[in-house]
Amino acid sequence: MLLTVAIALLMATPVTSDVAWAKRPIDPVKGLALAVSNLENKVLQLSREYANPVALVRRFPMQRRYIDARVFFEMGNYEPAAILLHELTERPAFKKGSEYEDALLLLGQCLAKLKNPRGAERYLAMAAAGRYAKKADEARYHLIEVLLDSRRIRQLRKAMATMPPATSDRTRYAMGKAWVRLKQYSRALMLLLRIPSSDANYLHSRYYYGVVLTAQKKYKEALKVFQAIASAEVKTKRHRAARDLAYLAIGRLYYEIGKLSKAVAAYQKLVRKSPSYERALYETAWTYIKGDRYKKALQVIDVLLLLVKDPRLSVRAHVLRGRLATLLANYPKAVETYRKILTRFAPIRNELDHFMGDT
């Protein structure tokens, strides 16, 4: 979409009529630089026109504003895109057009990017109930993803209870994942096992198949599924994410059956750049604790606390560090750790107490 708009903007740029200049050979590099400069000027002009969303002018027709909203979305400027789309979707004339459902879907995606899951849910649900089957199916995919990411389980259960069958593999995968979260494992398998190996979500669908087997305590079968994912060829960033999740799952399974050295080896497969690396360190520490290797566990936790960004995992790691220091009779270290937790959360607790006491 952005490429189409860019070509249109460049085609609209005036061409000089200087005959002498036209006869000279055009440097392709300078020509490209000029074209990019013209495109940048057009985009800057567009941004200035909508710099003050409250004073949104009426002189642009609805189709123009819809195109502008799509450009903002493609550029990652979700707030102005959402403002434009909200204004459009409230217009009775626009609701009758063929692009109404597209605008609802795009608005829902904008709000999801802006960390507004309630708003995203509203507009994605409206798009999912739209007139066009393909667009409605796409909206259902995004709706499920928003509800899963925001952990709105009650709303997810309600949505899944009335959701029609998926018409695409992507939505089928999302529905299967949702049924896993809702512990409806037979329904989940009916969908996940239908994802073809050529699909971008295939490895993730196999991961959730392994999760179902684990929940059913079929550990040997689950281990084979996760090992197959871990040994698959990594072609994309998404494949790498599935592989990392598989390493975590292998570590957890070996932990569960008491093969602690194999569990640690699986966790150590994750590289530092992986989004799952912090979690792997935390679970490695627990694996050492299960084997009564408290000093080793404390060393791992100390490394984790130097790197951790997830606030919830940080709290858990601090608590575990305090407990390990106590077990090792390192009381000064334990006191220091618990003081850090108190220092971090006491202001929040005091603020909440003040708020609750304010009539």
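Begin by selecting Asp-102, Lys-135, Glu-138 and Arg-170, which are joined in a network of salt bridges, a salt bridge being a side-chain nitrogen of Lys or Arg within 4 Å of a carboxyl oxygen of Asp or Glu. The model on screen is a predicted one, in which local features need pLDDT of at least 70 and side-chain atom pairs count only at pLDDT 80 or more, while totals for chains, interfaces and linings use all residues. Residues are numbered from 1 along each chain as its sequence is written, and side-chain values use heavy atoms, with hydrogens and water left out.

Lys-135 counts as partly exposed at 23% relative accessibility, and Glu-138 counts as partly exposed at 25%, on a scale where buried means under 20% relative accessible area, exposed over 50%, and partly exposed in between (1.4 Å probe, protein chains only).

Next, display helix H4 (residues 62-75) and helix H7 (residues 100-113), whose axes come within 11 Å and cross at roughly 30°. H4 is therefore roughly parallel to H7, given that angles under 35 degrees count as roughly parallel, over 145 as roughly antiparallel, 65 to 115 as roughly perpendicular and the rest as oblique. The axes are lines fitted to C-alpha atoms, for helices over the stretch in contact, with angles running from 0 to 180 degrees between N-to-C directions.

To see the contact itself, select Tyr-66, Arg-70 and Phe-73 in H4, which meet Asp-102, Ala-103, Leu-106, Gln-109 and Cys-110 in H7, where contact means heavy atoms within 4.5 Å. The residues of this contact of H4 with H7 divide into 5 nonpolar, 1 polar and 2 charged (Ala, Val, Leu, Ile, Met, Phe, Trp, Tyr, Cys and Pro count as nonpolar, Asp, Glu, Lys and Arg as charged, and the others, Gly among them, as polar). Asp-102, listed here on the H7 side, is also one of the residues of the salt-bridge network.

Now move to Arg-152 and Glu-121, whose side chains meet in a salt bridge (2.7 Å, N to O). This pair links distant parts of the chain, 31 residues apart, with Arg-152 in the loop between helix H9 (133-149) and helix H10 (153-161) and Glu-121 in helix H8 (residues 117-128). Arg-152 is buried, with a relative accessible area of 12%.

The next selection is Arg-321 with Asp-302, a salt bridge whose closest N and O atoms are 2.8 Å apart. Here too distant parts of the chain are linked, since Arg-321 belongs to helix H19 (residues 311-327) and Asp-302 to helix H18 (residues 294-307), 19 residues apart. Arg-321 counts as buried at 10% relative accessibility, whereas Asp-302 is partly exposed at 23%. Leaving aside neighbours within four places in sequence, Asp-302 is in contact with Arg-321 and Lys-333.

Finally, zoom out to the whole protein, which has 20 helices and 0 strands and holds 14 salt bridges. Buried residues make up 40% of its 359 residues.

How values were computed: Helix = DSSP H or I, 4+ residues; strand = E, 2+ residues; numbered from the N terminus.
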